[in-house]
Amino acid sequence: MSSDASDLSRLTGVRSGKNSYYPAFVRSNERMQRTVRAMDRISRAVVRTADAPLAVLEAVASAAAVHLDAAWVVLGLSDGHVHGARPRYVAVGPDGRMRAADEDLPDVARRELGAIRAGHAVPTARTDSWTRIPMYLESRRVGGLSIFHPSIPHPESEDLAALRVLAGFAAMALHTSEQHRNGANLHREAQRLKREAQAQAQDLAQRTAELHATEQRLAVAIRRQLIDDERHRIARELHDSVTQYVLSAGMAVELARGEAEAAGQTDLASQLGTAKSLTQTAVEQMRSAIYALTAGQHDDVGSLQELIKELVAHHTSLLNITLVTEGEDTHLGDAIHHEIARVVGEALFNVLVHTDARHVSIRLRYRQNDLFVSISDDGDGDPTALRRVLRLEQAAVGDGRHRGLANMDKRIRSIGGNLAFRRATMGGVRVVSRIPIERDEEAAS
């Protein structure tokens, strides 16, 4: 019998007695039911995320008031703890209505709230009308739950355990509120910093592109200035020396032709007349070259096609030249464009000086990995003879004169290409250059 009574006592929380067992059991059962109902109200408040943590704190305060039939319940945080949590306290009066302002509290509740805020609300003797339950968070006391019950007995240990559970719910809700607020602030700050970083990245990319374009224009301007200086120097040399010598040679030939005619040497006079005609043609060509050298390049010339168009413009008075471009115009770099343009210019000069051509076709063919540049004419040139001359020039060691074909071949090889001479469908010579195109792998993919 005593063993059964001991087990029953442990299960119900009451001690059996002959006259007191049933009343004690009823009181324990009522406490259990109140605790279950309090937990139910708190659990329903916990899932109301839109109202948390205020809904949780109000549910805890109401549950504590109902559980102990309290006149006042004050639940609050101590100053200096859980800084970001809102609200900092809630209070429930005897009418069950929530108070959120200090002036709505009576003196007894306002003094208790002040003690909680200052961290002085500690558990008191059983004769006190306040039951105080501290709130802990990570082993730190962060506030308290105080219940005012002046006309009822002090709560039993089971009631205090239920109140400690309620206080724990409140502490966790306030901590979660602080973490959520901090997380939301950090998220907003991260979004702001992300937008600023994106704006700065766009601005930096734009400024980098502008700087790159400016560097390219500056490099082109410097190269053009150096080239213009050299071209003007060469033009002065041609005008002041070579042209004068050719003119003097023409005058001497004319004098000799007059003397030959006076002496009756008609054959010699005819040959001298041919020589005079050649010197006049040479003077005209040198004047054209001098004009081309002194005219300079336009500032807006940038692509290979524009460079070659400028070369063509200097020869249109003596040759009928057509320019055809196939494929997508690819920028290979100013240095490569310059070398190709010099080769085309040398080829046009050779056609003008060494052949009787009247028509020239220049073709630029852009392929996936190569650029083909061809200059075809309808003159009387022989590609086999030009290949032989190129081998001789490459083998010769001299003062740099009469090396036009070798210079063309050297320029093309310097940019990774090759040069070839073939028979043109127009009847003359076709000079073909193949230049590799180095493409960006990421852009190509």
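# Working chat on a predicted chain

User: What share of the contacts with a separation of 6 or more comes from residues 24 or more positions apart?

Analyst: Residues 24 or more positions apart account for 60% of the contacts in the chain with a separation of 6 or more, where contact means heavy atoms within 4.5 Å. This is a predicted model, in which local features need pLDDT of at least 70 and side-chain atom pairs count only at pLDDT 80 or more, while totals for chains, interfaces and linings use all residues. Residues are numbered from 1 along each chain as its sequence is written, and side-chain values use heavy atoms, with hydrogens and water left out.

User: How many helices and strands?

Analyst: The chain has eleven helices and ten strands. Helices (H or I, at least four residues) and strands (E, at least two) are DSSP runs, numbered from the N terminus.

User: And how much of the chain counts as buried?

Analyst: Of its 445 residues, 35% count as buried. Buried means under 20% relative accessible area, exposed over 50%, and partly exposed in between (1.4 Å probe, protein chains only). The accessible surface comes to about 26600 Å², and 54% of that belongs to carbon and sulfur atoms. Areas come from the Shrake-Rupley method with a 1.4 Å probe; for residues, only the protein chains shown count as cover.

User: Salt bridges next. How many?

Analyst: The count is 15 salt bridges. The rule is a side-chain nitrogen of Lys or Arg within 4 Å of a carboxyl oxygen of Asp or Glu.

User: Which residue does Arg 132 pair with?

Analyst: Arg 132 pairs with Glu 112, with the closest N and O atoms 2.7 Å apart. Arg 132 is in strand β4 and Glu 112 in helix α4 (residues 107-118), so the bridge ties together parts that are 20 residues apart in sequence.

User: Is Arg 132 buried or exposed?

Analyst: Buried, as Arg 132 has a relative accessible area of 13%. Glu 112 is buried as well, at 5%.

User: What about Glu 326, which residue is its partner?

Analyst: Glu 326 forms a salt bridge with Arg 363, and their closest N and O atoms are 2.8 Å apart. This pair links distant parts of the chain, with Glu 326 in strand β6 (residues 320-326) and Arg 363 in strand β7 (residues 359-366), 37 residues apart. Glu 326 is partly exposed at 24% relative accessible area, and Arg 363 is partly exposed at 29%.

User: Changing topic. How do α9 and α10 cross?

Analyst: The axes of α9 (residues 383-395) and α10 (residues 404-414) come within 8 Å and cross at roughly 80°. That makes α9 roughly perpendicular to α10, a label for angles of 65 to 115 degrees; under 35 counts as roughly parallel, over 145 as roughly antiparallel and the rest as oblique. Axes are lines fitted to C-alpha atoms, for helices over the stretch in contact, and angles run from 0 to 180 degrees between N-to-C directions.

User: Which residues meet there?

Analyst: From α9, Leu 386, Val 389, Leu 390, Glu 393 and Gln 394 meet Gly 404, Leu 405, Ala 406 and Asp 409 of α10.

User: Which residues of α10 are buried?

Analyst: Gly 404, Leu 405, Ala 406, Met 408, Asp 409 and Ile 412. Their cover includes α8 (334-354), α9, β9 (418-423) and β10 (429-436). Just after α10, Gly 416 takes a positive phi of about 85°.

User: Where does Glu 138 sit?

Analyst: Glu 138 is in the loop between β4 (130-137) and β5 (140-148). Glu 138 is not a glycine, yet has a positive phi of about 55°. Most residues other than glycine have a negative phi. Ser 139 lies in the loop between β4 and β5 too, with a positive phi of about 65°. Glu 138 is exposed at 63% relative accessible area, and Ser 139 is exposed at 75%.

User: Last one: which residues make the nonpolar surface patch of about 310 Å²?

Analyst: Leu 218, Ile 222 and Leu 226 make that patch. Patches take residues with over 30% relative accessible area and no salt bridge, joining like charges within 9 Å and nonpolar side chains (Val, Leu, Ile, Met, Phe, Trp, Tyr) within 5 Å. Ile 222 is in helix α5 (residues 157-262) and is partly exposed at 47% relative accessible area.
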